[in-house]
Amino acid sequence: MSHHVSAESADAPATNAPATGAPAPDTPAPDAPATAPKKPGRDRYLDLLRSLALVRVVVYHLFGWGWLTIAFPSMGVMFALAGSLMARSLQRPAGGVIRGRMRRLLPPMWVFGAAALFLLFAGGWDVSEDPDHGGTWGLVSMLNYVFPVGAPPFPWNLGDKAGLLEDTWPVQAVGPLWYIRAYLWFVIASPLLLWAFRKAPWATLFVPLALTAVVGTGVLTIPGETGNAISDFAVYGSCWVLGFAHQEGLLAQVPRYLAVSVSALLMAFGLWWASGHLGPDGWDLNDIPLAQATWSFGFVVILLQYAPSWQELPGRLAKWDKLVTLSNNRAVTIYLWHNFLIMATVPIIDMAYDLPLMADERWSSALDTTYMVWMTVLVWPLIGLMVVAVGWVEDLAAKRRPRLWPNGAKGRKRAGSSQ
């Protein structure tokens, strides 16, 4: 299976509570409107998009529905938002901005990596004897658990199929680190990309799509993780640069009818290309790089063209305000751990089969039938527990006071009482 199937997204960079003005894991600066200057504050539309991306990623990994990559291309959305924030932050010296991004991103990854390695070693994995990662290079590649410029090694199978977890759990659990690698390379490349964008904006915007047409279609095949890394960079590069275009005001200069028309044509091309290159999971665009790139690009252009600037979530969306704030504050934690937690629901639910009432076939059949429902219900409180258990590492990485449940509620009350 594609490395994206188990690693997708989520997508996703995080932002922080409005009251603190705290920075996102993908940016050392607080979120601000990415278009025309106005009052300082959160752009809650962008926060909402990040939250939707995270939910979509969890649901995708629960059910494996390929059509979700068409309904909402989370990774393209998240890379575009991160690119916009990066362009704004690069008004400051590039070295400090890059160091700030890394400081916020790496500690949560280290905690996750330590847990993953503990389980891998406890399961009997020895990287030096792994046929895919053995020898000196395999040992050197372990450094990617510390600084992920490449793919960290892990076995594709470990344990017993009849064990507590299915034997493919390592790729499901560690696979999501592809996003950390891709994001890190985008951050490192951003000063050069932004310079190129300001010199030749349209060429810089569309070159990654052209590169995808070469490396993502078999015209040029680059083997191994190097090929995966280049393909990721190409597929999502135009979305990242779209963030530049949004931040720099270029996108706003394009007439809406023209932007939407060109986007619709690109998206139609993406679906047409996908129809002739369906992968093992059908219409899952993660397996079809050129379709993913063009569909995500067009989708993001439309989202940004119609983007409102919300200081607060309007109308009925307001009731989701706390969850949106919490998920933005803990997006890195949620993204890194969600696959682990999805797998953890299985042995928990399986304990129900040992209950006396399960001797009645009607009850056991009912559990069989509703198994995915229970997984879906159970994974969210498990994610909540993980947010409390390790989410505060994101605060330490951002040099903030640790918080267990940063949903912004107390901060808003204090803000309201001071007016």
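Helix H12 is mostly tucked away: 15 of its 17 residues are buried, where buried means under 20% relative accessible area, exposed means over 50% and partly exposed is in between, using a 1.4 Å probe and protein chains only. Keep in mind that this is a predicted model, where local features need pLDDT of at least 70, side-chain atom pairs count only at pLDDT 80 or more, and totals for chains, interfaces and linings use all residues. Residues are numbered from 1 along each chain as its sequence is written, and side-chain values use heavy atoms, with hydrogens and water left out.

**Helices and overall layout**

- The protein has 18 helices and zero strands; both are DSSP runs numbered from the N terminus, with helices (H or I) of at least four residues and strands (E) of at least two.
- H12 covers residues 289-305, and its end C-alpha atoms are 24 Å apart, which agrees with the 24 Å its 17 residues should span at 1.5 Å a residue (the expected span is 1.5 Å times one less than the number of residues).
- Of the 419 residues in the protein, 54% are buried.
- Among contacts with a separation of 6 or more, 76% are between residues 24 or more positions apart; a contact means heavy atoms within 4.5 Å.

**The nonpolar core**

- The largest nonpolar core has 103 residues, and Val77, Phe79, Trp240 and Leu336 have the most contacts inside it.
- H7 gives the most to this core, with 12 residues.
- Such a core is a set of buried Ala, Val, Leu, Ile, Met, Phe, Trp, Tyr and Cys residues joined through side-chain atoms within 4.5 Å.
- Leaving aside neighbours within four places in sequence, Val77 touches Leu49, Phe72, Phe299, Val300 and Leu303.

- Ala82 sits in helix H3 (residues 74-89), and it's buried, with a relative accessible area of 0%.
- Ala82 and Phe244 are 162 residues apart along the chain, yet their C-alpha atoms are separated by 9.2 Å.

**The largest pocket**

- The largest pocket is lined by 32 residues, with Gly150, Ala151, Arg181, Glu225 and Thr226 nearest its centre.
- Helices H5 (135-141), H6 (169-174), H7 (177-199) and H9 (224-248) are the elements giving two or more residues to that lining, and H9 gives the most, with six.
- A pocket is an open set of points on a 1 Å grid over the protein atoms alone, where a 1.4 Å probe fits, with protein on both sides within 12 Å along at least five of seven lines; lining residues have an atom within 4 Å of a point.
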